[in-house]
Amino acid sequence: MATRIDIIGAIDPALACSPDLALELFALPAQALGHDGEFTGRPLTRIQASPQHVLKLRLAGPAQGLREQTEETLLRERLYGVYHPARTWLIVTEDQGPQAGVWLGNVTPRLRALHLPQAEEDAMVFFRHVRAMLQMYLRIAARFRVRLDEGLSNFAVDDAGQLHYLDDDVYPWDDFAHFSQSVGVLIRKLRTLTPKFAQMLGQTVRQAIVGEFGDAGACRRVADGIRGLYYNGDDQSRRLDGFIEGLLGAQPHSRTRATLHEQRPFALLADIHANRPALETALAGLRRLGVDRGIVLGDIVGYGPHPAECIELVRDSGFEVVRGNHDDAVAGTSTAEGFTATAARVVEWTRQRLGDEARGWLGQLPTRLEREGWVAQHGAPMDPAFFRAYVYRMTYEDNLRYLAEHGLRWAFHGHSHIAGIFYATPQRSGFSDEAEQSLLDYREALICPGSVGQPRGGSLDAQWAVFNPATTQIHFFRAPYDVELTLRDMAAQDFPGALMDRLRTGT
């Protein structure tokens, strides 16, 4: 016999596909795969379908150990509970002809994928399917720390309206990064998603996140990730506002555009890190220049001994503020995972020193400010979380390309603590730390004002910058401050010696 079928098993063993049905499907011609067609998949995927069933195959290579691996896959899929109960795994061995080889595959009933045009015909029914898809996704993420493939083509409904997952793969959980992007895409694409439906969908996501993860702060992270995407036109913006309102349980924070409309100079401060004498020095310098507006590019707290005082000074300044990774961790919106032991120790100390109101204020800060042609955030522009990835020599070219691809010229950022500009011109790219520069000289630019309270690169001075939109001139400032006062206060609170040495050496 040229073709042999080895049935491994089904999600529900009583509904397993028979070898005869598998042989019939294997003899059918392969279906065309396409982005907008009924069947999608990787180039090496082979799909053969009858009106009632779909056989999905891929060449498996050596057969040794294949059955045991597939049995493990089947066990996991039974635990996930997201696949059609008749989904059946099998191995096909073909000895001759154009399909010769060992094929691993599965058979399922032919379902109606959510990306197909007819899936949107009844807006309310389609909305229910999308809501079920997001609930399924978040349930699996919370319980198994994996994520499903977010595309609509990977989810389908049967004749009874029950939703099932189609894709063979799951992926490592990434703390809502891909989820936020995929929801943003849905908000942009789905014309049947009215603002009211979008609000209801946001409420569903909030209930699922709080119920499954027990982490209301994650709703804010998801909202920030969704806001960071591009939306075109009033319809998309209304859908976005509706979803955010439902997700946060309050009126949505609009993407900040209003306060920096004027062509007057504004300040750029970053990485204050709870260093009150350094912040007071920077603010005094700005007052002497007559600069009364600005942006604080994150990390008001962390590393330093004056978190409450620095929060109060920043709030009194009236400056726009974006959230940094230390602000986020202190607020409890995320954990201190990824921090060094010394940084995590100060995060916990800061949490204990601040009241609920101050931590809540940190937690509600936006992670990105946008205006036509530029953005401001704590970390790298291409970072989905907005405050974790760095701009430095190994990453700046990728971030400059990101700006160009998204129609942006400039990004103001912190996080690196190094004052200067990574730039691109039509001829070259590089870095400049000149004290005064014109952004007109650059096609794209990544601008960091340095650090107010934790300078690096050998400097002990507080650092900040002033940008004049009318002339595109940016001036980098630095000034000495009473570092010994900060060191005394750190020593009084038994801060790690490594953090104190960093202030003494500027490294």
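I started with the cut-offs: a residue is buried under 20% relative accessible area, exposed over 50%, and partly exposed in between. Arg 67 has 30% relative accessibility, so I noted this residue as partly exposed. I kept in mind that this is a predicted model.

**Entry: a salt bridge across the sequence.** I looked for the partner of Arg 67 and found a salt bridge with Asp 6, with the closest N and O atoms 2.7 Å apart. Arg 67 sits in helix 2 (residues 66-80) and Asp 6 in strand 1 (residues 3-10), so the pair ties together parts that are 61 residues apart in sequence. Asp 6 is also partly exposed, at 30%.

**Entry: salt bridges within a helix.** I counted 22 salt bridges in the model. In helix 11 (residues 341-353), Glu 348 and Arg 351 lie three residues apart, about one turn, and their side chains meet at 3.3 Å, N to O. In helix 13 (residues 396-405), Arg 401 and Asp 398 are likewise about one helical turn apart, and their closest N and O atoms are 2.2 Å apart. I also found a network of salt bridges linking Lys 56, Glu 77, Arg 87 and Asp 168.

Entry: I traced an open, antiparallel sheet with its strands in the order 6-8-9. Strand 6 (112-113) and strand 9 (163-165) each have a single partner strand, so one side of each is left without a neighbour in the sheet. Helix 3 (residues 123-144) packs on this sheet and touches strand 6, strand 8 and strand 9. Strand 8 (residues 155-157) pairs with strand 9 over three bridges, and there I saw Phe 155 opposite Tyr 165.

Conventions
Residues are numbered from 1 along each chain as its sequence is written. This is a predicted model: local features need pLDDT of at least 70, side-chain atom pairs count only at pLDDT 80 or more; totals for chains, interfaces and linings use all residues. Side-chain values use heavy atoms; hydrogens and water are left out. Two strands pair if DSSP finds at least two bridges between them. Helices (H or I, at least four residues) and strands (E, at least two) are DSSP runs, numbered from the N terminus. Contact means heavy atoms within 4.5 Å. Axes are lines fitted to C-alpha atoms, for helices over the stretch in contact, and angles run from 0 to 180 degrees between N-to-C directions. A salt bridge is a side-chain nitrogen of Lys or Arg within 4 Å of a carboxyl oxygen of Asp or Glu. Buried means under 20% relative accessible area, exposed over 50%, partly exposed in between (1.4 Å probe, protein chains only).
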